[in-house]
Amino acid sequence: MTEMTNAAFPMPDPKMGEPYLLTPGPLTTAFSVKEAMLKDWGSWDDDFRAMTRSLCNQLVALAGGAAGELVCVPMQGSGSFAVEAMLGTMVPRDGKVLVLANGAYGLRAAETLRVMGRAHTLIDKGDYLPPRGDEVGRALDADPAITHVIAIHCETSSGILNPVAEIAQAVHARGRKLLVDSMSAFGAVPLDAGQIGYDAMVSSANKCIEGVPGFGFVIARKSALEAAKGNAHSLSLDAHAQWATMVRTGQWRYTPPTHVVAAFLEALRLHAAEGGVAGRGARYALNRDVMVAGMRDLGFETLLADRWLSPIIVTFFNPAHPNFDFQRFYQLMKSKGFIIYPGKLTVVDSFRIGCIGRMDEHVMRRVVTAAAQSLAEMGVDSAAPPAAAIAERAKLAA
Ligand SMILES: *Cc1c(COP(=O)(O)O)cnc(C)c1O
């Protein structure tokens, strides 16, 4: 309970008896974030307009970049709505996108482009292998029609942190434009607009800023967004129109998620109090290190080598032991106060444990203890993965 007494790092109220969400959003939020939603706001009122302005200014400051270079466009809906708004707005109707996929979110970006009828091509690396700068360069050299590249910063399906800087270099060297899905990384992993030079990136309220779900946001180079007027395939998911309305009236175009915005401002306050991106990233990295070390002590193995492990979410192989059953493990972990996450690998069975949200290393130690107890209750005396999992992992080293 020591964590409850730390005023600089308010935790969820244990009286509410909620399990910790070891999932990459929605995630466990601070009590004060939930409390911020107890008031109703008029969407047209000056007070709420000031809240929207503050939200946008703070996000632009977090993104870095030169003064006046970037603008923020909040967009109602879950993160995928914001991805769709970014793609549909930033890519001209006669543009062509190279999608870099190594998991579900890269594939979803390709599916989004297919549905909206934008030309695209795919580098699909499978479950987790990272798209590298040299292969991106080769793909761009081979196809001059490609105007944009979309990269996933942290591919949340495996937890891999993709090499965005190296990809950005390959894209810019060939005069093409970069879009980044930094949904699960923004706010905890640096993505300096000055260095990465993206045209736009996207994230949402319920990931590393630790707000509640309800909106996403596009952060775009102002000149690129200005040039994107009229591109959008959709009325409600037009990021340029949303931005133009906000500049003109200070209001969202259609009903904003007022309570979510209020909660997000409190989440941003806690983010700043923790030391911004560096402070938040350091806590998540410690969460990961403590949890991974403890799980490895139990015999679990990670899909990824340390070099590729993000501080966001970690994939573990299911143990080979015949008594191990993921559904049972999930229920046992839940009964001990922890909601874990099924894996998304297609070749071998796996599960994931998130490191983000209102949790610190004390909580992560309790996660490891709960995993040890759950294994014991299932009669699993070794968490070692099957040989097929180790063979799969060897591909990353090759
Ligand atoms: C969470 C996430 C999204 C958006 O998912 P929603 O369920 O629509 O919020 C997109 N990309 C990545 C990498 C994500 O982690």
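**Reading rings and helices in a predicted model**

Modeller: Welcome! A search of the whole structure finds 13 aromatic pairs. The model is predicted, so local features need pLDDT of at least 70 and side-chain atom pairs count only at pLDDT 80 or more, while totals for chains, interfaces and linings use all residues. Residues are numbered from 1 along each chain as its sequence is written, and side-chain values use heavy atoms, leaving out hydrogens and water.

Colleague: How is a pair of aromatic rings described?

Modeller: By the distance of the centres and the angle of the planes. Rings of Phe, Tyr and Trp (its six-membered ring) pair if their centres lie within 6.5 Å; planes under 30 degrees apart are stacked, over 60 edge-to-face, and the rest tilted. Here, Phe300 and Phe329 form a tilted pair, 6.2 Å centre to centre with 40 degrees between the planes. This pair links distant parts of the chain, 29 residues apart: Phe300 is in the loop between helix H11 (276-297) and strand E11 (313-317), and Phe329 is in helix H12 (residues 326-335). Helices (H or I, at least four residues) and strands (E, at least two) are DSSP runs, numbered from the N terminus.

Colleague: Is Phe300 buried or exposed?

Modeller: Buried means under 20% relative accessible area, exposed over 50%, and partly exposed in between (1.4 Å probe, protein chains only). Phe300 has 1% relative accessibility, so Phe300 counts as buried. Phe329 is buried as well, with a relative accessible area of 1%.

Colleague: Why is the pair of Phe300 and Phe351 edge-to-face?

Modeller: Because the ring planes of Phe300 and Phe351 are at 80 degrees, with the centres 5.6 Å apart. Phe351 is in strand E14 (residues 350-354), 51 residues from Phe300. Ring pairs link Phe300, Phe316, Phe324, Phe326, Phe329, Tyr330 and Phe351 into a cluster.

Colleague: Now the helices. How do the axes of H12 and H13 cross?

Modeller: Axes are lines fitted to C-alpha atoms, for helices over the stretch in contact, and angles run from 0 to 180 degrees between N-to-C directions. The axes of H12 and helix H13 (residues 361-378) come within 9 Å and cross at roughly 130 degrees. That makes H12 oblique to H13; angles under 35 degrees count as roughly parallel, over 145 as roughly antiparallel, 65 to 115 as roughly perpendicular and the rest as oblique.

Colleague: Which residues of H12 meet H13?

Modeller: Contact means heavy atoms within 4.5 Å. Arg328, Phe329, Leu332 and Met333 in H12 meet residues of H13, including Val367, Ala370 and Leu375.
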